[in-house]
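Reader: I've got a model to look through, and I'd like to talk it over. Could you walk me through it?

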Amino acid sequence: MAENIKGLKRTCRVAEINSNNIGEEVTLMGWVQNYRNLGSLLFIDLRDVSGICQIYFGEDCEEALKSKAATLRKEFVIAVKGVVQKRGGAVNPNLKTGEIEVKVSELRILSKSETPPFAIEENSDANEALRLKYRYLDLRRADMKENLILRHRVAKSARDYYDANGFLEIETPMLTKSTPEGARDYLVPSRVHPNKFYALPQSPQQYKQLLMLSSMDRYIQIVKCFRDEDLRADRQPEFTQIDLEMSFVDEDDVMSINEGFIKHLFKDVMDMEVKTPFLRLPYSEAMDRFGSDKPDLRFGMELCDLSEVLKNSEFNVFASAINNGGSVRCIKVDGKEDGTQSLSRKEIDALTEFVKTYGAKGLAYMIVDAEGVRSSVLKFLKEDEIKGMLEKTDAKAGDILLIVADKNSVVYDSLGALRCHVAAKLGIINKDEFNFLWVVDFPLFEYDEEEGRFAAKHHPFTSPKDDDIELLDSDPEKVRAKAYDMVLNGCEVGGGSIRIFDTELQQKMFEKLGFTKEQAWAQFGHLMEAFKYGTPPHGGMAYGLDRLVMLLAKKDSIRDVIAFPKVQNASELMTDAPNLVDDKQLNELYIKCVKPE
């Protein structure tokens, strides 16, 4: 039978005692991290959320107590009473309690534990699926605990900063109307409204705009959002945003208040200084230089456009790309100091397969060495073209040019990803650097080839640049948005825009997106109706809290900073969700399941 804590009151957490408590009697409770039975002495590392403290059972303790202590094993939950003493052995500089230990006079075994399926230790090499199945054990590990503490501190810092700057924290509904535009909605059937559905919000976008119409002026919310989309390392079906909106602002106002937040956050949580204002990089320049609208500026290896040099090339792969409106671009991989190349032929061949996953048909290369140039396409190129490529890229002995020719979207995607992949492979990224920038002047629209129509680059409430409104009818692809994304180390950590607040302009936006007036009012009529009653100019943004914490913790996956995350197929291994429900529940919701083909 497990014992209880009746008559005992915990003095403090185990790592909250120090040398100032020497001579005091304390009561501690926690888990057995390790035990060392030396016969006459028994040492236990006692662990809780605060850390670890060494306790011991001395030579002079009662035999019954010593026998009981000898039964302890890892992950037993215990309560002990004892006196804080100066550590008898060597001081442990790696522990907050490394100078002291507790000599135990009373022990209660509150709960026994079976042998865990993996070791409860920092930086565990256990399979991630196993750790997620037993997530409650995984979260006992020190590094996972620190991730959640960091997440708490980031959320608290956000609330403190925005509160000090006049923002009101206001909750918005979790059950709302489905307005499909972007990712798929998660739908919730209504029992009291047969055959009707709520949607879980992809973001509180319309509600926060309505709060600005309600004269709330400045709003913030740390909120769950839901998107039914394919997953990857930094994406989950449910995720958390730091969501905010402001009235009577332009782009500079929103960016300035949020640069202030990042400066505050890094000083408050990381004790680091962040230099502001951030670099602002136009979208077109970001794509041309880095092949990405979220470029990592911690290293070079920028894209180089070779189209002008190769515009008269007789090599069909290059010529067809240029003639069809695409381009030929490359990245230069610097050679070693001794003039030799940084990548082997085998590694270059593997990179060819890598770019194919981004739509590229292949990867040409050019290796410069002391004897001249070696290339997979050398025989197809003229001398002046080879010379021009080397001059354009300033290539020297040891350098490698990695070349993609295709339509621009494929060239950007493949070389942008390749640039980061090669930099990581060569270890040239400073992982201790935090490099912020804004990407601005996004296109308002992007053409959806599958749908055969324009789609909003961000969302349908994003305002066009004032100077570009006249292009909405004549040349919509050239219309720029009042949108801005905050980028950190190659990841978009936040994004937003100034919103449309004019009914006529909003209707025009819906038209360009392929909505009839009736469709627009059916889906967004509540917002359009609200615009009739006096709408302030407004704008805002939202941070991906999970992704921001992931970067601060220097982790590769947001699963490491979420308490109970989903895996690649959107299931949760611990609870086995999603799962079947019984017919009674389905009948109450007027739902009948059909087997998938």
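Reader: By class, what residues does the lining of the largest cavity have?

Author: First, the ground rules: this is a predicted model, where local features need pLDDT of at least 70, side-chain atom pairs count only at pLDDT 80 or more, and totals for chains, interfaces and linings use all residues. Residues are numbered from 1 along each chain as its sequence is written, and side-chain values use heavy atoms, with hydrogens and water left out. The lining is made up of Leu 132, Arg 135, Phe 564, Pro 565, Glu 572, Leu 573 and Met 574. With Ala, Val, Leu, Ile, Met, Phe, Trp, Tyr, Cys and Pro as nonpolar, Asp, Glu, Lys and Arg as charged, and the others, Gly among them, as polar, the tally is 5 nonpolar, no polar and 2 charged residues.

Reader: And how much space lies in that largest cavity?

Author: On a 1 Å grid over the protein atoms alone, a cavity is a set of points where a 1.4 Å probe fits but cannot get out, a pocket is an open set with protein on both sides within 12 Å along at least five of seven lines, and lining residues have an atom within 4 Å of a point. Grid points are joined across faces, edges and corners, and a volume is the space filled by probe spheres set on the points. There is 1 cavity of 30 Å³ or more, and the largest cavity holds about 40 Å³.

Reader: Which element gives the largest share of the lining of the second largest pocket?

Author: That pocket has a volume of about 520 Å³ and 24 lining residues, with Gly 51, Ile 52, Leu 95, Ala 142 and Lys 145 nearest its centre. Strands S1 (25-37), S2 (42-48) and S3 (51-57) and helix H4 (142-164) each give two or more residues; helices (H or I, at least four residues) and strands (E, at least two) are DSSP runs, numbered from the N terminus. By class, its lining has 5 nonpolar, 7 polar and 12 charged residues. The largest share, 4 residues, comes from H4.

Reader: Why is the pair of Phe 278 and Phe 436 stacked?

Author: Rings of Phe, Tyr and Trp (its six-membered ring) pair if their centres lie within 6.5 Å, and planes under 30 degrees apart count as stacked, over 60 as edge-to-face and the rest as tilted. Here the centres are 5.0 Å apart and the planes sit at 10°, so the Phe 278 and Phe 436 pair is stacked. Phe 278 is in the loop between H6 (251-270) and S11 (279-282), while Phe 436 is in S17, 158 residues apart.

Reader: Which residues do ring pairs link into a cluster?

Author: The structure holds 21 aromatic pairs. Phe 278 and Phe 436 are both buried, meaning under 20% relative accessible area, with exposed over 50% and partly exposed in between (1.4 Å probe, protein chains only). The cluster is Phe 266, Phe 278, Phe 434, Phe 436, Trp 438 and Tyr 484.

Reader: What joins Thr 276 and Pro 277?

Author: Most residues other than glycine have a negative phi, and most peptide bonds are trans. Pro 277 lies in the loop between H6 and S11. With omega about 0°, Thr 276 and Pro 277 are joined by a cis peptide bond.

Reader: Is Met 301 buried or exposed?

Author: Met 301 is in the loop between H7 (283-290) and S12 (304-305), and its phi is positive, near 55°. Its relative accessibility is 14%, so Met 301 counts as buried.
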